[in-house]
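Please keep the sequence and the 3D view open while you read.

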Amino acid sequence: MKKTQTKPGLHCSPFKGQIHEWSPSCLCMVSVVPLSRFSQIGRSTESMIDFVVTDTAGSSGQVGGAVGEGGGQSVQSTISRYACRIMCERSAPYTARIYAAGFDSSKNIFLGERAAKWRTSDGLMDGLTTNGVLVMHPAGEFVSEPAPGVWREISVCGNVFALRETRSAQQRGKLVENESNTLQDGSLIDLCGATLLWRTPPGLRHTPTLKQLECLRQELNAARPQCPVGFNTLAFPSLAQREIVDKKQPWVYVNCGHVHGYHNWGYRKEKGPPGPGGTAPAGTGERECPMCRRVGPYVPLWLGCEGGLYLDAGPPTHAFCPCGHVCSEKTVAGWSQIPLPHGTHAFHAACPFCGTWLTGEQGHIKLIFQGPVD
């Protein structure tokens, strides 16, 4: 899941009827319905791309950047310049469908030379992007019964296929005739370097707004949680203050859930001493919790600030392991069971806020706060 640059509004397609233009990189005839509008997604910064998506260089054990958070630009991107296009109907129920690849400046469907291509039984052409456009629809209602579906690959014409042996294999998977390319609330779109989440207005009504997230943060701080050892009052920083650890910020032992203020002791001898200045970054070495003696990572807690990734507006009582992003119990439980593509054929659950691979038996932990003693 990665940084996305979005132009103001959605752009209406200038293409009407059927497109028959061919070039060495173009392989199919695409029908565009006049009563629909579509947007294109890809790595290219050309004017015909409505949503510019870039992958970011992640550290070991990460899917890469984040949904709204990211690191530096990767040296060589695996995202296609014209990755996919989404076509939405202009009238109710406003059905949205996804197709692989996109139109270039010459109004051709663009595919790389190594992309899989074939002729269909009716004489038309179809194909896949070099590294594939994968889609997973939730098995149930995303907000009420979150459960992962099956990852499939979408073709240029919108046909659904089983996954290839590897992302860039020339041999396509088996056609899945009883599934469609229609997006629904909670559908995940993986572009091999960026994973996008599709939300619908009815689904977003169950999620918190930025104002509601700020209210949740203030409610957490109003409870005056305290460090059970230092007895100092803890406070979650403002949503605008990201990745800057505050001196009052709560920290958690991710193997047990006990919340403390920061301290520079408790390292296991075999893990080595803290770094310069008596402090150590999150994830460096393991600590022993002074409350229950369990040993594990000790990280700062951050309130997840992207409301669209929540499954409900419940109280932030749980955190993902090992990154420490805090959200509702339903949200951590839902995302912890969703396998996200990684590499050529691997899948791993990850935190939706930062992309860090989840660890532990469940991938999340219930937070144990201590209230004020007065």
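If neighbours within four places in sequence are left aside, His 258 is in contact (heavy atoms within 4.5 Å) with Trp 251, Val 252, Tyr 253, Cys 289, Met 291, Cys 292 and Ile 368. The structure is a predicted model, in which local features need pLDDT of at least 70 and side-chain atom pairs count only at pLDDT 80 or more, while totals for chains, interfaces and linings use all residues. Residues are numbered from 1 along each chain as its sequence is written, and side-chain values use heavy atoms, with hydrogens and water left out.

**The loop between β17 and β18**

His 258 is placed in the loop between β17 (251-253) and β18 (259-260); here and below, helices (H or I, at least four residues) and strands (E, at least two) are DSSP runs, numbered from the N terminus. With a relative accessible area of 17%, His 258 is buried, where buried means under 20% relative accessible area, exposed means over 50%, and partly exposed lies in between (1.4 Å probe, protein chains only). Gly 257 lies in the loop between β17 and β18, and at 0% relative accessibility Gly 257 counts as buried. Apart from neighbours within four places in sequence, Gly 257 is in contact with Val 252, Ile 365, Lys 366, Leu 367 and Ile 368. The C-alpha atoms of Gly 257 and His 318 are separated by 8.6 Å, although these residues are 61 residues apart along the chain.

Leu 367, one of the residues in contact with Gly 257, is found in the segment after β27 (364-366) and counts as buried at 6% relative accessibility. Not counting residues up to four places away in sequence, Leu 367 touches Val 252, Gly 257, Val 259, Leu 301, Thr 317, His 318, Ala 319 and Val 326.

Which residues of helix α3 (residues 329-336) are buried? They are Thr 331, Val 332, Gly 334, Trp 335 and Ser 336, and the buried residues of α3 pack against β15 (187-190), β16 (195-198), β23 (316-320), β24 (325-328) and β27.

Strand β6 (residues 84-89) and β7 run antiparallel and are joined by five bridges; two strands pair if DSSP finds at least two bridges between them. Arg 85 stands opposite Tyr 99 in β7. The two strands, β6 and β7, form a hairpin with six residues between them, and in the turn Tyr 94 has a positive phi of about 60°. Four of the five residues of strand β7 (residues 96-100) are buried, so this strand is largely enclosed by the rest of the structure.

**Salt bridges**

A salt bridge is a side-chain nitrogen of Lys or Arg within 4 Å of a carboxyl oxygen of Asp or Glu, and by this rule there are seven salt bridges. The table includes some of them.

| Salt bridge | N to O distance |
|---|---|
| Asp 190 and Arg 167 | 2.8 Å |
| Arg 217 and Glu 214 | 2.7 Å |
| Arg 293 and Glu 288 | 3.1 Å |

In the salt bridge of Asp 190 with Arg 167, Asp 190 lies in strand β15 and Arg 167 in the loop between β14 (160-161) and β15, so the pair ties together parts that are 23 residues apart in sequence. Asp 190 is buried with a relative accessible area of 2%, and Arg 167 counts as buried at 9% relative accessibility.

Arg 217 and Glu 214 are three residues apart in helix α2 (residues 210-222) and are therefore separated by about one helical turn. An α-helix has 3.6 residues a turn, so residues three or four places apart point the same way. Arg 217 is buried, with a relative accessible area of 12%, whereas Glu 214 counts as partly exposed at 22% relative accessibility. Arg 293, by its relative accessibility of 55%, counts as exposed.

**The largest cavity**

On a 1 Å grid over the protein atoms alone, a cavity is a set of points where a 1.4 Å probe fits but cannot get out, and lining residues have an atom within 4 Å of a point. The count comes to two cavities of 30 Å³ or more, and the largest cavity has a volume of about 40 Å³. Met 136, His 137, Pro 138, Phe 142, Ala 147, Pro 148, Gly 186, Leu 188 and Ile 338 line the largest cavity. By class, this lining has seven nonpolar, two polar and no charged residues.

Terms used. 1 Å grid on protein atoms, 1.4 Å probe; cavity = no way out; pocket = protein on both sides within 12 Å on 5 of 7 lines; lining within 4 Å. Points joined across faces, edges and corners; volume = space filled by probe spheres on them. Nonpolar A, V, L, I, M, F, W, Y, C, P; charged D, E, K, R; others polar.
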